[in-house]
There are 2 protein chains.
Amino acid sequence: MREIGVGIIGIGTVGAGVVQVLQENADEIERRLGAHLRLVKVADKDIETDRGVRMDRSVLTTDVAEVVENPEIQIVVELVGGYEPAKTFLLRAIRAGKHVVTANKALLAVHGDEIIAAARERGVDLGFEASVGGGIPLLRAVREGMAANRIHTIFGILNGTTNYILTEMKEKGESFERVLREAQKLGYAEADPTFDVEGIDAAHKLTILSTLAFGRKVPFSSVFTEGISRVTPQDIQYAADFGYAVKLLAVAKFDGKRVEARVHPTMIPSNHLLAGVRGVYNAAYIDADFLGPTLYYGQGAGRRATASAVVGDLVELARNVLLGVSWRVPPRGFQEDMLEPAVVKPIDEISCQYYVRAMALDRPGVLSRISGILGEHGISIESVVQKGRDAGQAVPLIIMTHEAREADIRQALGEIDTLGVTLGPPALIRIEG
Amino acid sequence: MREIGVGIIGIGTVGAGVVQVLQENADEIERRLGAHLRLVKVADKDIETDRGVRMDRSVLTTDVAEVVENPEIQIVVELVGGYEPAKTFLLRAIRAGKHVVTANKALLAVHGDEIIAAARERGVDLGFEASVGGGIPLLRAVREGMAANRIHTIFGILNGTTNYILTEMKEKGESFERVLREAQKLGYAEADPTFDVEGIDAAHKLTILSTLAFGRKVPFSSVFTEGISRVTPQDIQYAADFGYAVKLLAVAKFDGKRVEARVHPTMIPSNHLLAGVRGVYNAAYIDADFLGPTLYYGQGAGRRATASAVVGDLVELARNVLLGVSWRVPPRGFQEDMLEPAVVKPIDEISCQYYVRAMALDRPGVLSRISGILGEHGISIESVVQKGRDAGQAVPLIIMTHEAREADIRQALGEIDTLGVTLGPPALIRIEG
């Protein structure tokens, strides 16, 4: 049986998972591929820590050159994470003529152009299924399964940590801070949770996914990002009262001219399939002109699921190696020389329905003044509910608007804030679906 | 720009959809593929009927040979449906060295071995994404996205007609017969609905899907099949009371030794994502050792969605034509010479929980005799509810069992039927998830 040599850089959680798949499922993979994926070398700066997988000592090295320049290795897996030295390692592997697989969404979202250009120049393949949606074969579905379509809408739950936090907040009625601490204890959230809870990780993934879907290069810097730290259990409860669930949604739309791409807490109808995605699970709901809506659901992170995606890419790239072909499918789904930069719609120009919660003084005339300002900005109200009564004190006033422009609602909320009839600036949650 | 010649046999609903995609999305497909898919010839015995798409008269022919033997055509799409003459056409195209794409699940489920052997011998590719789950890129996900995994469980809603009927029965409380007639009027069910409502169509699809998933050839004849015609709105309501939804589920499991494959009305927990799949939509929930559970959802039928899958296959095969390779991925995901026949577990040997509804006489001692028989067969009861009171008359008695063997429950129900305390044989619905 033919062998394909595999090298890994970075033997953390996912790296160890990859080694485990290659060992435990070697026969299944061989029956599919018709060849053996042989782990030749694993490089890491720490090769002493026990990773929970048995590896021959001779496979381990602290010298990256033993992977990227190893003539027995055809495919290099980069699992270092972050920008540097991951980028340098990846580019070294590419320039040495190795096909490469990575799970590094931050790197691809920010430096994708440079890395893909290098791979194209050298004629090597680049697999990155694990970078979005963890184990879910999502990029493959978009890039190949939907190749006949113009894709126009993406709604994604692309970050498991925040989905876990929102699920717990909803089901236990607890505050963001409290659930976050719990998630950190359980290992679902990092010690510094900023990337996850502020929506940056989801924005990285949306950058990659929307570029593949729309065939327009969406710059990471153009993705509007708002995290979940200001969402309260009360907002989640009020949303439920109106028939909505609150999710950190990655939203991207393409009207054929302009792309909008944004990550923010979003209310979606409770009977939408995405509303049923609980805990650390991820899902993407994608709508396309011929296919219509489809949904992909699964584990968006974790050692085993992510390793599944990495090894799926290894199999795909190995098939090309066996046939002596490469760049059969361009990494971003479209021919690189036909990939135009996206024209991105500024957040001010998007339109959707809005949920507004103001802590408003319970006294006559307040609602009239607030709704008056909304009306002046062309925002029509679908419903208003005052939660409780407490004469002269602040009580939650919940306003659901009809579709309105972001710029208008923001200006209106700014003016409402200056009225002096509300306690602090009103909270705003966008509504989709 | 390079051109790939495409021929179509059968210009019905889906065929016309394929022509429409190739016309409307030509530029999008070219930007992905880097080549033009040119429709060279369309053969049908009826080329007079208006199909709702404009085609140059010179493209149409009644002579299949003008497609399968046309030197300008590299890929032939078979959309005739049924066993014959579809099979003859497909084999002619293959023997003429054409790559082939088909949506024909009945043909593949029953004659897959012969067709795949012919394609292998001639070294041509075979695409059949549209045969299971309509437009959902499901086979691609299983065959390639999960290549690193041992897949062990499939729960599929693979027939849109029956899912529509069950959804309507639930939401409107109407009988199977009434909803079926309505579905026929709307074009969601055929004049002869047997293939759909008796689960045969779903069994065809499960045959294909489980073979790809498990890497064992599952014979269509071994798939246990039970339709939805005996499900009543009362059963659906009682199921809901217990926190379950009733779906026609295609279930396949593989324990590493034996495969079980069955299609039958199934109760699944109401909070399971599959329970939220309404109307004509399809979904598959697939569990694998590293990836864990994933779910794929979308339109399982219809002109546009099915055409999306067919053209997705055209793009995939065209990529191979452009590179001069074929059989890059074996059609069933495993190397053909490593594909063993499945050892199929007889239905008698499966185990699950059961819902039993007996119309039992409302008088003392009846429950004791019924539960006594269940006990004698080693079936333990999770709960029993008598619906209503009507002394001396028959009232519904709902029994939910713990996990039991199929042979035991069947034998017990047979004995209960002979007791003379129930009206007609008890109804049985299997429970999964």
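Here are some questions and answers about this predicted two-chain model.

Reader: How are residues and chains named, and which pLDDT do local features need?

Author: Residues are numbered from 1 along each chain as its sequence is written, while chains are lettered from A and ligands numbered from 1 in the order in which they are written. This is a predicted model in which totals for chains, interfaces and linings use all residues, side-chain atom pairs count only at pLDDT 80 or more, and local features need pLDDT of at least 70.

Reader: Into which domains is chain A divided, and what distance separates the centres of domain 1 and domain 3?

Author: Chain A has domain 1 (2-134 + 303-338), domain 2 (138-299) and domain 3 (348-431), with bounds that come from an automatic or database domain assignment. Taken over C-alpha atoms, the centres of domain 1 of chain A and domain 3 of chain A are separated by 51 Å.

Reader: Which strands form the open sheet of chain A, and which are its edge strands?

Author: Helices (H or I, at least four residues) and strands (E, at least two) are DSSP runs, numbered from the N terminus. Two strands pair if DSSP finds at least two bridges between them. In chain A, 6 strands form an open sheet with parallel pairing, in the order E3-E2-E1-E4-E5-E6. Each edge strand pairs on one side only, and the two are E3 and strand E6 (126-127) of chain A.

Reader: Why do the buried residues of helix H2 in chain B line one face of the helix, and what do they pack against?

Author: The buried residues of helix H2 (residues 26-33) of chain B are Ile29(B), Arg32(B) and Leu33(B). Seen down the axis of H2(B), they fall within an arc of 85° (the arc of the directions from the helix axis to the C-beta atoms), so they line one face. They pack against strand E2 (35-43) and helix H12 (303-323) of chain B.

Reader: Is Glu198(B) buried or partly exposed, and which residues is Glu198(B) in contact with?

Author: Glu198(B) lies in the loop between helix H9 (194-197) and helix H10 (200-214) of chain B. With 18 other C-beta atoms within 10 Å, Glu198(B) is partly exposed. Two residues are in contact if their C-beta atoms, placed from the backbone, lie within 7 Å. Leaving aside neighbours within four places in sequence, the contacts of Glu198(B) are Thr225(B) and Gly227(B).

Reader: How many residues does each chain give to the contact, and which element of chain A gives the largest share?

Author: On the side of chain A that touches chain B, the residues divide into 24 nonpolar, 15 polar and 10 charged; Ala, Val, Leu, Ile, Met, Phe, Trp, Tyr, Cys and Pro count as nonpolar, Asp, Glu, Lys and Arg as charged, and the others, Gly among them, as polar. The elements that give two or more residues to this side are helix H2 (26-33), helix H6 (138-145), strand E13 (292-299) and helix H12 (303-323) of chain A. The largest share, 10 residues, comes from H12(A).

Reader: How are the two copies related, and which residue of chain A comes closest to the rotation axis?

Author: A rotation of 180° with 0.0 Å of shift along its axis superposes chain A on chain B (RMSD 0.1 Å), by least squares on the C-alpha atoms of residues with pLDDT of at least 70 in both. The two copies are thus related as by a two-fold rotation axis. Of the residues of chain A, the one closest to this axis, at 2.4 Å (C-alpha), is Tyr296(A).

Definitions and conventions:
A residue is buried if 20 or more other C-beta atoms lie within 10 Å of its own, exposed if 12 or fewer, and partly exposed in between; C-beta atoms are placed from the backbone.
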